[in-house]
Amino acid sequence: MEKAPSLNVLGGTLAPCSTDPVTGFFRDGACNTCAEDHGSHTVCAVMTAEFLAYSKYVGNDLSTPRPEYGFAGLKPGDQWCLCAARFLQAHDEGCAPQVTLAATHLRALEIVPLDILRRHAADA
């Protein structure tokens with residue numbers, strides 16, 4: 001798998017998203033992506049209790065620990081490379097988390113318009 005260039009939605013170098021917990025399609029702490037990343041794990045989102053409950057409700061439980069996968073579960077305040085389509089779905093439902101634009105990969109724009117990301121920016 002070859003990583004796409006590490007660029008963010010602002011046109012700069014992609015910043016790290018989180019190393020505690022370690023996130024990203026490549027589990028390198030950044031929302032790097034590649035052609036094989038069909039879920040487009042490109043939006044660096046700041047977890048909230050509301051979003052975690054929503055994500056669990058729609059079938060992606062990010063809050064329950066899964067020790068067999070080395071996953072401690074996410075809690076409010078954690079940053080995580082979220083699938084762009086899930087972020088857009090949460091936005092449409094009124095419960096999207098904030099995003100860190102500098103750590104959100106440029107490829108997210110294939111799914112989520114920049115103006116929507118900017119409305120949820122934690123780093124604006």
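A disulfide is taken here as a pair of cysteine sulfur atoms within 2.5 Å. The structure is a predicted model, in which local features need pLDDT of at least 70, side-chain atom pairs count only at pLDDT 80 or more, and totals for chains, interfaces and linings use all residues. Residues are numbered from 1 along each chain as its sequence is written, and side-chain values use heavy atoms, with hydrogens and water left out.

**Figure 1. Overall fold of the chain.** Three helices and three strands are present, where helices (H or I, at least four residues) and strands (E, at least two) are DSSP runs numbered from the N terminus. Along the sequence these elements follow the pattern β-α-β-α-β-α. The radius of gyration, taken over C-alpha atoms, is 13 Å, close to the 14 Å that the globule rule gives for 124 residues, so the chain is as compact as a globular protein of that length. The globule rule is 2.2 Å times the number of residues to the power 0.38. The C-alpha trace spans about 35 × 30 × 25 Å along its principal axes.

**Figure 2. The disulfide of Cys-17 and Cys-44.** Two disulfides occur in the structure. In the one formed by Cys-17 and Cys-44, the sulfur atoms are 2.1 Å apart. The torsion about this S-S bond is about 90°, so the disulfide is right-handed. Distant parts of the chain are linked by the pair: Cys-17 lies in the segment before strand 1 (41–46) and Cys-44 in strand 1, 27 residues apart. Both cysteines are buried, that is, under 20% relative accessible area, with exposed meaning over 50% and partly exposed in between (1.4 Å probe, protein chains only).

**Figure 3. The disulfide of Cys-31 and Cys-81.** Here the S to S distance is also 2.1 Å. The link is left-handed, with -100° about the S-S bond. Cys-31 lies in the segment before strand 1 and Cys-81 in strand 2 (residues 79–83), so the pair ties together parts that are 50 residues apart in sequence. Cys-31 and Cys-81 are both buried.

Figure 4. When the bonded cysteines are numbered in sequence order, the pairing is 1-3, 2-4. Cys-34 takes part in no disulfide, and the nearest cysteine sulfur, that of Cys-83, is 13 Å away. With 3% relative accessibility, Cys-34 counts as buried. Cys-83 is likewise in no disulfide; the nearest cysteine sulfur belongs to Cys-81, 9.9 Å away. Cys-83 is partly exposed, at a relative accessible area of 21%.
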